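The exercises below concern a ligand shell and a pocket. Work through each task before reading its solution.

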Amino acid sequence: MKLILLGAPGAGKGTQAEVICDKLNIPAISTGNIIREAVKNGTEMGVKAKDFIESGKLVPDEVIIGIIKERLAEDDCKGGFILDGVPRTVAQAEALDNMGVEIDRVIDIEVSDEAIAKRLSGRRVCSACGASYHVDYKPSTKPDVCDRCGGALIIRKDDEPATVLDRLKVYHELTEPLIDYYRAKGKLYVVQGQEEVKDTTALILAALEG
Ligand code: AP5
Ligand code: MG
C-alpha cells in the first residue's frame with residue numbers, strides 16, 4: 001500500500017501514520033520529522049531548512065523532492081509506505097508522479113481551523129523519535145517522557161499560536177489544491193477527523209479496505 005496522508009497542520013497526520021504503519025507493517029515517512037532531525041544535527045540541509053520550518057513556511061520544493069527521492073529508494077519502502085506531510089504542493093505531487101511512484105490512496109483528514117489551534121497548543125513531541133502526544137487528548141504515561149523510546153517531550157517551535165496561523169494560511173493556499181489534484185485521479189478519500197484518535201483511525205482503516 002502506497003498511501004498519502006493529507007490534511008492541515010495538526011489534523012493528525014503524524015498520529016495516524018504512527019498507528020497505521022504498525023497495522024500495515026510499512027514505514028511512515030514524515031518530511032517534517034526528517035527536517036527537524038537534520039536541523040537538530042546541523043546538517044547542510046538542516047541549516048538551509050531551519051528558518052523555513054521554524055517560521056511555518058514551506059521548505060523549497062527542490063529540497064523536499066531530494067529528500068523524498070532518497071528516502072523512497074531505501075529497501076524498507078519496497079512493500080509500500082505512508083507519506084505524512086508530503087506532497088504539500090502541486091509541484092511535489094507532480095515530482096512523485098514523474099518518479100513513477102504509483103500512489104494507491106490519498107486520505108484527507110479534515111479538521112476545522114478552530115480545533116487545530118486547540119490541538120497544536122497542547123501538542124508535545126518526542127525530541128528523540130518524533131512521536132506526537134497531546135496533554136489532554138493523548139497524554140504520555142509519564143509526564144514529558146515518550147512512551148515509545150523514553151525521550152524527552154518538547155513543544156515544537158512552530159506551535160506558537162502566531163506561527164500556527166501562518167501555517168494554516170500556507171496550507172490553504174499551497175496544499176489544499178492537492179485535494180482536487182488527487183480527486184481528479186480518483187484516489188481521494190475524505191475522512192472527518194474525530195475527537196478520539198482511535199475513531200479517526202477506524203475511519204481511515206475502513207477507507208483503506210473500501
Ligand atoms: P510537519 O511536521 O509535517 O507539520 P504539519 O503538516 O504542519 O503538521 P503537524 O505535524 O503539525 O500535524 P499533524 O497533522 O502531523 O498532527 P499530529 O498528529 O501531530 O511539517 C513542519 C514543517 O516542515 C512545515 O511547516 C515545513 O516548514 C516543513 N515541511 C515538512 N514537509 C514539507 C513539505 N513536504 N514541503 C515543504 N515543507 C515541508 O496531531 C496534532 C496534535 O493533535 C497532537 O498533539 C495530537 O496528539 C493531537 N491529536 C491528533 N489526533 C487527535 C484527535 N483525533 N483528537 C484530538 N487530538 C488529536
Ligand atoms: Mg506531523
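**Exercise 1.** In this predicted model, how much space lies in the second largest pocket, and which of its lining residues are closest to its centre?

Solution. Begin with the volume: the second largest pocket holds about 410 Å³ of space. Next, take the lining, which consists of 18 residues; R36, E37, K40, I154 and R156 are the closest to the pocket centre.

**Exercise 2.** Find polar contacts of ligand 1 and state how much of its area the protein covers.

- Y133 places a polar backbone atom 2.6 Å from a ligand 1 oxygen.
- R88 has a polar side-chain atom 2.8 Å from an oxygen of ligand 1.
- R156 has a side-chain N or O atom 3.0 Å from an oxygen of ligand 1.

Then turn to area: on its own, ligand 1 has 1000 Å² of accessible area, and the protein covers 98% of that.

**Exercise 3.** Describe the make-up of the shell around ligand 1.

Solution. The shell counts 38 residues, with T15, K57, R123, Y133 and R167 the closest. Its largest share, four residues, is from α2. Sorted by class, the shell contains 14 nonpolar, twelve polar and twelve charged residues.

Key:
Residues numbered from 1 in each chain as written. Chains lettered and ligands numbered in written order. Predicted model: local features only at pLDDT ≥ 70, side-chain atom pairs only at ≥ 80, totals over all residues. Heavy atoms only, no water. Near = heavy atom within 4 Å. Polar contact = N/O pair within 3.5 Å; in protein donor to acceptor, adjacent residues only side chain to side chain. Areas by Shrake-Rupley, 256 points an atom, 1.4 Å probe, with all protein chains shown as cover. Helix = DSSP H or I, 4+ residues; strand = E, 2+ residues; numbered from the N terminus. Nonpolar A, V, L, I, M, F, W, Y, C, P; charged D, E, K, R; others polar. 1 Å grid on protein atoms, 1.4 Å probe; cavity = no way out; pocket = protein on both sides within 12 Å on 5 of 7 lines; lining within 4 Å. Points joined across faces, edges and corners; volume = space filled by probe spheres on them.
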